[in-house]
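The following note comments on one strand and its surroundings. Please read the numbered points with the structure at hand.

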Amino acid sequence: MTDANPTADSGATDDAQVAHVLSSMLDLTQAAHLRDEMVRIAGRGGIVLDASGVERMSTPCVQILLAAARGAQAANKPFKITQASELFLTALAELGLQDEFDNWME
């Protein structure tokens with residue numbers, strides 16, 4: 001992720017989990033790094049993502065987030081996306097995945 005502090009945590013949720021701030025640019029060049037981050041975060045427990053700063057999101061990154069969500073669900077771990085930006089929501093809608101992701105949105 002290309003943000004100055006890509007692993008910055010933004011604050012606690014009601015589960016006392018800390019939200020991982022997603023990079024503003026989730027494009028193809030960031031897909032492998034995003035995958036690695038999801039694996040790392042999932043290893044600690046549930047996943048809470050702050051999507052407020054997402055300005056660009058490619059299909060591979062959406063696929064990675066979907067896989068992370070389904071993996072967490074299969075492991076009975078929480079997966080949440082908070083404060084989704086308009087661009088984040090638009091990307092999901094354009095891919096026909098808005099209903100799927102609504103399950104994980106706060």
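1. In strand β6 (residues 79–82), Phe79 and Ile81 point one way, while Lys80 and Thr82 point the other way, and all are buried. Buried means under 20% relative accessible area, exposed over 50%, and partly exposed in between (1.4 Å probe, protein chains only). Helices (H or I, at least four residues) and strands (E, at least two) are DSSP runs, numbered from the N terminus.

2. This is a predicted model, in which local features need pLDDT of at least 70 and side-chain atom pairs count only at pLDDT 80 or more, whereas totals for chains, interfaces and linings use all residues. Residues are numbered from 1 along each chain as its sequence is written, and side-chain values use heavy atoms, with hydrogens and water left out.

3. Strand β4 (residues 47–50) pairs with β6 in the parallel sense over four bridges; two strands pair if DSSP finds at least two bridges between them. Leu49 has Ile81 as its bridge partner in β6.

4. Thr82, in strand β6, has a relative accessible area of 9% and is therefore buried. Beyond its neighbours within four places in sequence, Thr82 is in contact (heavy atoms within 4.5 Å) with Val48, Leu49, Asp50, Ala51, Ser52 and Glu106.

5. Rings of Phe, Tyr and Trp (its six-membered ring) pair if their centres lie within 6.5 Å; planes under 30 degrees apart count as stacked, over 60 as edge-to-face and the rest as tilted. The count by this rule is two aromatic pairs. The ring centres of Phe79 and Trp104 are 5.9 Å apart and their planes stand at 80°, so this pair is edge-to-face. Phe101 and Trp104 also form an edge-to-face pair, with 5.6 Å centre to centre and 85° between the planes.
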